[in-house]
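Here is a friendly walk through one protein model, from its ligand shell to the packing of its helices. Please keep the structure open beside you as you read.

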Amino acid sequence: MAEKYFFIETFGCQMNEHDSEMLAGALTAAGWDETSCPEQADLLLVNTCCVRDSAEKKIYGKLGEYKRYKRCRPGMVIAVAGCLAGKEGDRLLARFDFVDLVITNENAEKLPALAEEAAVRRRRRAEVAGRPFAESPLARRRRSNVTAWVAISRGCDNFCSYCIVPYVRGREVSRRIDSVVSEIASLVAGGIREVTLLGQNVNSFGRDNGETFGQLLTAIEERTSLQRLRFMTSHPRDFSPDIIDRLAASSIAGRHIHLPVQAGSDRILAAMNRGYTVAHYEAIIGRIREKLPGFAVTTDIIVGFPGESEEDFAATLALVERLRFDAAFTFLYSPRSRTPAASRPDQIDPATRKERLNRLMAIQNRIADEINRTYVGKTVEVLVEKTVKKNRLTWQGRCSENKLVFWDGCHFWPDGEFVTVRVTSAKTWQLSGVVIGNG
Ligand code: 5AD
Ligand code: SF4
């Protein structure tokens, strides 16, 4: 059989990155080889995101680039996978005559056959009807041999009024604890040191099976020899005190929690259909600070949701000042088709949205700087991930608090080693230091 090469480019969240490992796994099992040169690919696949209009625009730009590759290599199959495939379906085929295949990640199993069909018979097709699956039957082609993602649920039932995810990824289904534990055990046997559990809302894991996220955390700790465990994304409505207690008792939990607040005003939280109040969110953070001292807390915030008054926005700024997040991922509200918020008449004008985002980012960046500066002189436990070559040899890893840490030196640190780093300088998004021990 002649060699066939695929190239995958991924946009969006960690779940999408993980899905790309699954798409690559399916292709590899069917005899395809991966190439790092998009120009040389027989199958050029973009795994897409559509959470905001800006993400969608980026992908349309990419498709323009792919079109040029195809001009030089007319036999090439161009496939659009992922969330934009779910949103647009066969409209993508109509709009882009050089796109051969549109496929949601829920149909990953069919990818090799459909890619083959597109290559051989030049049949163009959209395969977007599949439902989320709890257990993926597909092997993964993992990108790291030190850290791994493990999906514990797929889909989303939350229906936040701004969010397109439930429409493009479908309803939530959870895996069983036994299955997650055995996947992690085999990853650990293969050398993986750190696992990040993934789900749109990890805290509602097991609701469909009578199991809980807390039980899952304990089972992983008791039944595997994993060294570091992380998870995302949490939802404040489902983040129970039991989870905090189990994290406090855990010796493997990474000292970091990502808990999106989205807004600091009860009126806006209600309009977003988030299912909690500011007071509830603050009570969780209070409990985290009390029972999990030193844990880093990060969040997501949307600015300019329809109807957001200057007073609502001031409440978000005040919340950010009070809670002092290690980092906040801040987003301009983007109207998404099919979502209730998009059809509200009280949309905030783009200039006001942008101006508010800038004010929020200035405050948050100052706070992140201040927090990171308190690390200078302290030591952190870092899992070595890779070397990055700048002008000299620099190593990169993440500390337990999930901050990126860099250090220089000619000593060779193998990937997967845990090292103790004394922090010597700090920026908004990273720490630098020197290694003072390992093991
Ligand atoms: N506009 C802006 N941000 C959004 N997010 C989700 N939907 C939208 C939207 N329509 C943000 C939320 C979520 C993160 C992944 O993306 O903050 O937590
Ligand atoms: Fe991930 Fe949402 Fe983007 Fe899909 S739309 S890739 S679920 S962030």
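Ligand 2 is surrounded by Cys13, Asn16, Thr48, Cys49, Cys50, Val51, Cys83, Val165, Arg169 and Gln200, where a residue is near a molecule if one of its heavy atoms lies within 4 Å of it. By class, this shell has six nonpolar, three polar and one charged residues. Here Ala, Val, Leu, Ile, Met, Phe, Trp, Tyr, Cys and Pro count as nonpolar, Asp, Glu, Lys and Arg as charged, and the others, Gly among them, as polar.

This is a predicted model, in which local features need pLDDT of at least 70 and side-chain atom pairs count only at pLDDT 80 or more, while totals for chains, interfaces and linings use all residues. Residues are numbered from 1 along each chain as its sequence is written, chains are lettered from A and ligands numbered from 1 in the order in which they are written, and side-chain values use heavy atoms, with hydrogens and water left out.

Now to the helices. Two packed helices are described by the angle between their axes and the distance between the axes. Axes are lines fitted to C-alpha atoms, for helices over the stretch in contact, and angles run from 0 to 180 degrees between N-to-C directions. Helices (H or I, at least four residues) and strands (E, at least two) are DSSP runs, numbered from the N terminus.

| Helix pair | Angle between axes | Axis distance |
|---|---|---|
| α11 (278–291) and α12 (310–323) | about 10° | 12 Å |
| α12 and α13 (350–373) | roughly 10° | within 10 Å |
| α9 and α11 | about 15° | 10 Å |

The angle makes α11 roughly parallel to α12, a term for angles under 35 degrees. α11 passes α12 in a right-handed crossing, meaning that the near helix is turned clockwise from the far one by less than a right angle. Val278, Tyr281, Glu282, Ile285 and Arg289 of α11 make the contact with Leu319, Arg322 and Leu323 of α12, contact meaning heavy atoms within 4.5 Å. That contact has five nonpolar, no polar and three charged residues.

α12 and α13 are likewise roughly parallel to each other. Residues in their contact include Phe313 and Leu317 of α12 and Arg356 and Ile363 of α13. By class, the contact of α12 with α13 has six nonpolar, one polar and five charged residues.

α9 and α11 are roughly parallel to each other, and α9 passes α11 in a right-handed crossing. Pro241, Ile244, Asp245 and Ala248 in α9 meet Ile284, Arg287, Ile288 and Lys291 in α11.

Two backbone details are worth a look. Most residues other than glycine have a negative phi, and most peptide bonds are trans. A cis peptide bond joins Met232 and Thr233, with omega about 5°, and Thr233 lies in the loop between β11 (228–232) and α9 (241–249). Asn273 has a positive phi of about 60° although it is not a glycine; Asn273 is found in the loop between α10 (266–271) and α11.

How values were computed. Angles under 35 degrees count as roughly parallel, over 145 as roughly antiparallel, 65 to 115 as roughly perpendicular and the rest as oblique.
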